[in-house]
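The exercises below are to be worked through with the sequence and the 3D view open side by side. Each task is followed by a solution that goes step by step.

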Amino acid sequence: QAATGGRKDGPPDIEELVEKARGIANQTAGSPTFAQKNSLSQESSFLSQVVYFQENAAEIQRKIEVALGPHLADENFKDFVSAMPVAAMHYYLEHEDSIKTPSWKRRMHRFTPAIGLDLVAELNEALVLSELSYADTVEQVKDGLEVLSGTANEESDGKGDKPEWELLFCDTESRPNKPSHFLAMQKNASRYDDTLHVLMVVRGTKSIGDLITDVMMQPADYECVASDGRTVAGQAHDGIIESGRYLFLRHQKLLSTLLSLSKKRKLDITLIGHSLGAGAATIAAMEYNSGQLQDLGDVKVDARVIGFGCPALLSRELSRATE
């Protein structure tokens with residue numbers, strides 16, 4: 001058996017794992033994974049959005065009224081908005097943010113501590129991945145991953161230290177509280193590594209569906225499990241809570257199956273996102289780290305987030321619990 005590269009009871013090779021993962025991803029009806037059409041026409045995307053709005057019009061209207069109703073009904077607020085130029089509004093919001101948001105110094109260069117070159121390289125790669133999530137077709141995402149990994153070059157031997165990502169799932173179309181995202185698995189990890197390395201990249205606001213998620217900004221009750229095991233309760237952005245939970249629940253079966261087949265004992269999932277995507281990735285990571293992934297037994301889960309332009313979405317208690 002050693003001559004054939006494995007044991008009878010050993011895990012399947014990476015190609016078999018990828019095919020099984022894609023099969024599971026395709027089991028959700030209507031999900032445009034790259035195993036189906038490699039691109040979506042603007043017409044089909046638009047029609048699907050119209051159908052969704054027709055089916056959920058009442059609930060969408062209710063949530064928007066809850067979020068914006070009190071402000072739109074305030075005559076003083078109307079006068080304030082109409083009288084202030086756009087440029088002045090920008091500077092006003094920046095000033096108010098610096099007063100009311102304790103973390104505002106983190107976004108000022110003069111308050112940022114020096115970081116190592118390795119971290120700069122990691123952030124740069126994450127930024128490229130974040131931009132890739134805005135691609136219009138699945139094929140563009142697949143090609144972008146190959147370029148980033150260096151495997152687009154035919155002379156590449158695939159044995160470098162840089163992670164090579166195999167696309168498992170990609171949805172280029174978002175709906176309210178269901179953000180566009182893609183999922184990939186590292187295919188060049190050592191066979192002796194007992195960790196399954198997974199990448200999830202979440203798109204920010206690009207479509208009308210994303211805008212509806214944005215305006216569902218009323219605070220909703222939310223709780224998570226802190227690193228010390230405490231359950232921490234607070235509030236968070238309603239639309240982003242639903243988006244993060246969707247990302248978490250959407251791939252439970254897929255990740256559980258991959259861990260079972262590969263016989264890995266750890267799941268390391270890196271979530272990357274920009275703006276709305278960063279917020280949804282944050283909630284999804286909190287769900288993963290709360291130990292709510294089903295059918296994993298004693299598998300250890302470690303989720304971390306690299307977010308760019310993440311909106312304020314957590315109350316103080318929840319924010320501190322995730323530090």
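**Exercise 1.** In this predicted model, determine how helix α5 and helix α6 are oriented relative to each other.

*Solution.* Begin with the packing of α5 against helix α6 (residues 138–149), where the axes lie 10 Å apart and form an angle of about 165 degrees. Angles over 145 degrees count as roughly antiparallel, and α5 is therefore roughly antiparallel to α6.

**Exercise 2.** Locate V120, classify its exposure, and state which surface feature V120 belongs to.

*Solution.* V120 sits in helix α5, which spans residues 117–132. Its relative accessibility is 40%, so V120 is classed as partly exposed. Together with I115, L117, L119 and L123, V120 forms a nonpolar surface patch, whose members have about 440 Å² of accessible area together.

**Exercise 3.** N177 and S275 each have a positive phi without being glycine; place each residue and decide how exposed it is.

*Solution.* For N177, phi is about 65 degrees, and the residue lies in the loop that joins β1 (165–171) to β2 (181–186). Because buried means under 20% relative accessible area, N177 is buried at 12%. For S275, phi is near 60 degrees, and the residue lies in the loop between β6 (266–274) and α10 (276–289). With a relative accessibility of 24%, S275 counts as partly exposed.

Methods:
Residues numbered from 1 in each chain as written. Predicted model: local features only at pLDDT ≥ 70, side-chain atom pairs only at ≥ 80, totals over all residues. Heavy atoms only, no water. Patch = residues over 30% accessible without salt bridge, like charges linked within 9 Å, V, L, I, M, F, W, Y side chains within 5 Å. Areas by Shrake-Rupley, 256 points an atom, 1.4 Å probe, with all protein chains shown as cover. Salt bridge = Lys/Arg side-chain N within 4 Å of Asp/Glu carboxyl O. Helix = DSSP H or I, 4+ residues; strand = E, 2+ residues; numbered from the N terminus. Buried < 20%, exposed > 50% of the residue type's maximum accessible area, 1.4 Å probe, protein only. Axes fitted to C-alpha atoms, helices over the stretch in contact; angles between N-to-C directions. Parallel < 35°, antiparallel > 145°, perpendicular 65-115°, else oblique.
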